[in-house]
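Biologist: I'm new to this one. Could you put it on screen and take me through the wording you use for it?

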Amino acid sequence: MNVLIIRQLCRSFREGVRVHRVLDQADARVAGGEAVAVIGRSGSGKSTLLNLISGIDRADSGTVEIDGRDVTALIEPQRTLFRRARIGFVYQFFNLLPTLDVEENVRLALELNGVRGAEARQRSAAMLTEVGLGDRLHGAVDALSGGEQQRVAIARAITRARGATLLVVTHDEALARSADRVLELRDGQLHEAADSHSSGRRAAAR
Ligand SMILES: Nc1ncnc2c1ncn2[C@@H]1O[C@H](COP(=O)(O)OP(=O)(O)O)[C@@H](O)[C@H]1O
Ligand SMILES: [Mg+2]
């Protein structure tokens, strides 16, 4: 079942006298539990897309449906409430705690939500293994690359919600490779990347 359906999404910005069509009838579907990486060169509209999906910005036309709900049709405060309840964000600065190791950074999020002891340890390790950091559990977060830190932040964000659907904008090739699918934003539209489906956690589990 698709939990995210993007239909004919358009968003333009005025630049002086000309109009820049950043999203030009973009379409995409993401299934529940799927991990999708969005790639695209700088200025291709990745942030614009995420802002529309999360309801921070409004589309000129087209729709974004999340769990069967057209979020483009929601007005405030429903839009903000829906976003808070249903969407988790990982920002570009990951806010990892340098005094804790990689596994402790993820475990802290669990402990703050009442998951403790062996279960918290096991779940944080499993989540980190899933994002390809199983061999870095007790390393320092400062020693990780930017892409690796992004993966720790993602593990931390989704570890509480098993089966979360993940849409991640990344330049980290390892992270993109570990996704189920890669969508490239180009000329205002989302294109399935050529080698998509070839790897990813779902394929790896088969
Ligand atoms: N609020 C805005 N006003 C005017 N132009 C914008 C605005 N937000 C984004 N843009 C333009 O839209 C294009 C895509 O930006 P963005 O979505 O940030 O790309 P990316 O995240 O892929 O680097 C850029 O040309 C940018 O200048
Ligand atoms: Mg951006």
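Modeller: Start with α3 and α4: their axes come within 9 Å and cross at roughly 125 degrees.

Biologist: What makes α3 oblique to α4?

Modeller: Angles under 35 degrees count as roughly parallel, over 145 as roughly antiparallel, 65 to 115 as roughly perpendicular, and the rest as oblique. The crossing is at roughly 125 degrees, so α3 is oblique to α4. The axes are lines fitted to C-alpha atoms, for helices over the stretch in contact, with angles from 0 to 180 degrees between N-to-C directions. Keep in mind that this is a predicted model, where local features need pLDDT of at least 70, side-chain atom pairs count only at pLDDT 80 or more, and totals for chains, interfaces and linings use all residues. Residues are numbered from 1 along each chain as its sequence is written, chains are lettered from A and ligands numbered from 1 in the order in which they are written, and side-chain values use heavy atoms, leaving out hydrogens and water.

Biologist: Which residues meet between α3 and α4?

Modeller: From α3, Val102, Glu103, Val106, Arg107, Leu110 and Glu111 meet Ala120, Arg121, Arg123, Ser124 and Leu128 of α4. Contact here means heavy atoms within 4.5 Å. By class, that contact has 5 nonpolar, 1 polar and 5 charged residues.

Biologist: And why is α3 called roughly parallel to α5?

Modeller: Those two pack at an angle of about 25 degrees, with their axes 8 Å apart. The cut-off is under 35 degrees, so α3 counts as roughly parallel to α5. In this pair, Val102, Asn105, Val106 and Ala109 of α3 meet Val152, Ala155 and Arg156 of α5.

Biologist: How do you know that the span of α4 is close to the expected one?

Modeller: The expected span is 1.5 Å times one less than the number of residues. α4 (residues 117–130) has 14 residues and reaches 20 Å from its first C-alpha to its last, close to the 20 Å expected. Its buried residues include Ala120, Met127 and Leu128, and α3 and α5 are among what covers the buried residues. After α4 comes Gly132, with a positive phi near 85 degrees.

Biologist: Why is Ala73 called exposed?

Modeller: Buried means under 20% relative accessible area, exposed over 50%, and partly exposed in between, with a 1.4 Å probe and protein chains only. Ala73 has 52%, so Ala73 is exposed. You'll find Ala73 in the loop between β5 (69–70) and α2 (78–86).

Terms used. Helices (H or I, at least four residues) and strands (E, at least two) are DSSP runs, numbered from the N terminus. Ala, Val, Leu, Ile, Met, Phe, Trp, Tyr, Cys and Pro count as nonpolar, Asp, Glu, Lys and Arg as charged, and the others, Gly among them, as polar.
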